[in-house]
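User: Could you take me through this model, please? I would like to start with the fold and then go on to the packing.

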Amino acid sequence: MVQTFEDFATAMRSQNGYLLASCISPTPPTDDPARLYTFYRFTNRMSVETDVRYAIQYPSDTKHELGRQEQMVWSNVFVEYWRAVGEILAAEEAANAGRGREEEGRKKKGEDGWDRVYDAWKEVVKVLNKGYQAGLLPAWTIPCLYIAAKYLRIFAIKADDGAKRTKGRGGLSFNAAAGLQDDVVGSVDGQERLEEAARMINTMFSLCINDRAPIEESRKWGVYYMTNLLFKTFFKLNQLNLCKSSLRALQASNTDMPPLEAFPKSHQVAFKYYVGVVHFLEEDYNTVCPTTWSPIPVLPYGSDSEVILLASTYLLRRQKPT
């Protein structure tokens, strides 16, 4: 059996959400760069549904207990994931084939293939959302939502980028490793797919914030990750007002939410940074500093964005940082 399904069975048995999320990642692990090729080649378009269902139901050496409905959800997820992987591999091969030479006819049908990748990844997101909406997926699996939402945004940007190049309007520079500095603030022209992705990520945010399960079993633990991704997307779309809507939704749910300090440090730092950016863009400099400065001492790395934001704020206020 391919390693993806071995990891799936192990994740289910141990309830390891991050291992489970790695099973539907569109990027291979560094220690297994051929993971996507291996996964895609284990079946074909005619047999994918049968083969995936069998792999989910009958893992080779790791037992797990899944109900029939949950098995069906994961079977559908992996079928759509398999289709998306096929489009990803095709887009990457087309890009590699076009390097250093004229790409005759490559753009004949669209935007470098990333439009088809985006459409295929949307189906992965939709199946996951249905599973959570039906209450069939437990809260420990929410890292799968993180992966789905993160790459929905990335593929939307790539597809919009390709559409712009195809239409001769110039393109966006894409840097998946840009981190927190990415996309503040973008242009709204030619970003139809990113706008659609923002709506879908907002649905995932709602799935988390509106969960009424006991907090130990709640999807609310994914709220700040989704909020941060929404902020990042809204900044790219130059829709600051939508950031305020997300903040209002958080404030309205404050009474039945765990405190921010209970969430992972990465969620805390990103949230405070983006809230600081919102206040900065509104020229509310007095609020930026206490909002943004507090997480910096806990960061072993990656704090450049916060430092730059704070330095700019202090300069505008003509004050020295203390």
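Analyst: The answers below go from the overall fold to individual residues.

User: Good. What kind of model is this, and what is its mean pLDDT?

Analyst: It is a predicted model. The mean pLDDT is 82, and 75% of the residues reach 70 or more.

User: Which stretches have pLDDT under 50?

Analyst: Residues 100-110 stay under 50, and the model has 12 contacts for them beyond four places in sequence. Residues 169-181 are also below 50, with 22 contacts in the model beyond near neighbours in sequence.

User: How many helices and strands are there?

Analyst: There are 13 helices and 0 strands. The pattern along the sequence is accordingly written α-α-α-α-α-α-α-α-α-α-α-α-α.

User: And what share of the contacts comes from residues 24 or more positions apart?

Analyst: Such pairs account for 73% of the contacts with a separation of 6 or more.

User: Turning to burial, what percentage of the residues is buried?

Analyst: Of the 322 residues, 49% are buried. The protein exposes about 16200 Å², and carbon and sulfur atoms supply 49% of that area.

User: How many residues does the largest nonpolar core have, and which have the most contacts inside it?

Analyst: The largest nonpolar core has 85 residues, and Trp-74, Phe-78 and Trp-121 have the most contacts inside it. Helix α7 (residues 143-166) gives the largest share of this core, namely 13 residues. As general background, nonpolar side chains in soluble globular proteins tend to be buried together.

User: What does Phe-78 touch?

Analyst: Setting aside residues up to four places away in sequence, Phe-78 touches Thr-4, Phe-5, Phe-8, Cys-23, Ile-24, Phe-39, Val-52 and Ile-56. Phe-78 also belongs to a cluster linked by ring pairs, together with Phe-5, Phe-8, Phe-39, Phe-42, Trp-74, Tyr-81, Trp-114, Trp-121, Tyr-151 and Phe-155.

User: How many aromatic pairs are there in the whole structure?

Analyst: A search of the whole structure finds 26. One of them joins Phe-5 and Phe-39, a tilted pair at 5.7 Å centre to centre with 45° between the planes. Phe-5 lies in helix α1 (residues 3-14) and Phe-39 in helix α3, so the pair ties together parts that are 34 residues apart in sequence.

User: Are Phe-5 and Phe-39 buried or exposed?

Analyst: Both Phe-5 and Phe-39 are buried. Another pair is formed by Tyr-54 and Tyr-58, which counts as tilted because the ring centres are 4.9 Å apart and the planes are at 45°. Tyr-54 counts as exposed because its relative accessibility is 53%, whereas Tyr-58, at 47%, is partly exposed.

User: Changing topic, where does Ser-25 lie, and what does it touch?

Analyst: Ser-25 is in the loop between α2 (17-22) and α3 (35-41). Its relative accessibility is 9%, under the 20% limit, so Ser-25 counts as buried. Not counting residues up to four places away in sequence, Ser-25 touches Leu-36, Tyr-81, Ile-147 and Tyr-151. A polar atom of the Ser-25 side chain also lies 3.1 Å from the backbone oxygen of Thr-27.

User: Finally, where is Val-2 found, and which residues is it in contact with?

Analyst: Val-2 is found in the segment before α1, and with 13% relative accessibility it counts as buried. Leaving aside neighbours within four places in sequence, Val-2 is in contact with Thr-38, Phe-39 and Phe-42. The C-alpha atoms of Val-2 and Arg-41 are separated by 9.6 Å, although these residues are 39 apart along the chain.

Notes: Residues numbered from 1 in each chain as written. Predicted model: local features only at pLDDT ≥ 70, side-chain atom pairs only at ≥ 80, totals over all residues. Heavy atoms only, no water. Helix = DSSP H or I, 4+ residues; strand = E, 2+ residues; numbered from the N terminus. Buried < 20%, exposed > 50% of the residue type's maximum accessible area, 1.4 Å probe, protein only. Contact = heavy atoms within 4.5 Å. Areas by Shrake-Rupley, 256 points an atom, 1.4 Å probe, with all protein chains shown as cover. Polar contact = N/O pair within 3.5 Å; in protein donor to acceptor, adjacent residues only side chain to side chain. pLDDT = per-residue confidence, 0-100. Core = buried A, V, L, I, M, F, W, Y, C linked by side-chain atoms within 4.5 Å. Phe/Tyr/Trp six-rings, centres within 6.5 Å; stacked < 30°, edge-to-face > 60°.
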